[in-house]
Amino acid sequence: MLEVKNIYFNYNKTVVLKDINFTVKTGDHVSIIGESGSGKSTLLKLLYGTYDLDQGHIFWKDSEILGPKHNLIIGPEFMKYVAQEFDLMPFITVAENIGAFLSNFYPEEKQERINELLDVVELKPFAKTKVKELSGGQKQRVALARAIAKQPEIILLDEPFSHIDNFKKQSLRRNLFKYLKEKNITCIVATHDKDDVLSYSDNMIVLHDTKIIANNTPQQLYENPENKLIASFFGEFNELKSNGIVYAHQLKVVDTSDLKAIVKQSYYKGNYYLIEADSNGETVFFEHDIALQKGKAIFLNRV
Ligand code: ADP
Ligand code: MG
């Protein structure tokens, strides 16, 4: 279990994190979300022992994770950290980068392991390509493969798919999170993408204004968003005087209701249209099967 107890941290007197407490069970996946600048990357760096804490303690099982004041080498053996900016060795191949920390003692096993890792990140065709010739997204995949090469007990991922295009993102995400679960590797991922969270996280921690403002299952937080920040993470929503926070997909056009609105704009979204409407000066968003004529009066109800 990872235990984060009462940690405080500042950069040059600017407090970034205050009174942070949470635990993560071994093998669980936890995501950390929050607006840009809310301290997600800082928190991951603290978990890795990059900086000394102002206060508090971090434990993995029985060992305390300590900062540079106490350690010559940053980052404990049992932990791997993939930073937003990944640092790879550009002049050697993808396969060599992935195998960089693996023992040369059993060359056949080493090659097998590298092949398995190339499969996870879908880079087999690039095994012999030099890293400097890769795109940003491909480099990010090499960094992920290298981080899981030695099977850490816990892995920290900072926006792990941010450079990866939509063609690859879905399958890579499935492969990686499935692999980590199978190997019982505890995973903490900082992200701004709800698709990293909904299907894969056991818990979700929300950072805001130096504090944790929510820590619950994604399902709980999705179904009962306690505030606008959490709702906005999941999608388009309305804050209605009558109903509180309501997602766009929860409003349906009905024959008549207390919520009358005038259509302003229809946005094509593939399998639905997002409709923007005006209800007594309040903007209302809802989903609909077809585009609606601008100026049309409609009635909405919460489903
Ligand atoms: P996030 O990852 O959620 O976007 P960060 O942890 O990167 O947030 O940053 C949190 C706050 O700390 C921001 O206000 C940022 O400007 C500041 N910060 C981040 N890194 C440093 C640093 N090395 N020195 C000083 N301030 C920093
Ligand atoms: Mg960040």
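Here is a short chat about strands, sheets and helices in this predicted model.

Colleague: Before we start, what are the ground rules?
Modeller: It's a predicted model, where local features need pLDDT of at least 70, side-chain atom pairs count only at pLDDT 80 or more, and totals for chains, interfaces and linings use all residues. Residues are numbered from 1 along each chain as its sequence is written, chains are lettered from A and ligands numbered from 1 in the order in which they are written, and side-chain values use heavy atoms, with hydrogens and water left out.

Colleague: OK, what order do the strands of the open sheet have?
Modeller: β6-β7-β8-β3-β9-β10, 6 strands with mixed pairing. Strands here are DSSP runs (E, at least two residues; helices are H or I, at least four), numbered from the N terminus, and two of them pair if DSSP finds at least two bridges between them.

Colleague: Which strands stand at the edges?
Modeller: β6 (79-82) and β10 (211-216); each has a single partner strand, so one side of each has no neighbour in the sheet.

Colleague: And β3 with β9, parallel or antiparallel?
Modeller: Parallel, over 4 bridges. V30 has N203 in β9 as its bridge partner.

Colleague: Which strands does helix α1 touch?
Modeller: Helix α1 (residues 40-47) touches β3, β6, β7, β8 and β9, where contact means heavy atoms within 4.5 Å.

Colleague: New topic: how many bridges join β14 to β15?
Modeller: 6, and the two run antiparallel. They form a hairpin with 4 residues between them, and G270 in the turn has a positive phi of about 95°.

Colleague: What else does β14 pair with?
Modeller: Strand β17 (residues 297-302), antiparallel over 4 bridges; there, A261 has I298 as its bridge partner.

Conventions. Axes are lines fitted to C-alpha atoms, for helices over the stretch in contact, and angles run from 0 to 180 degrees between N-to-C directions.
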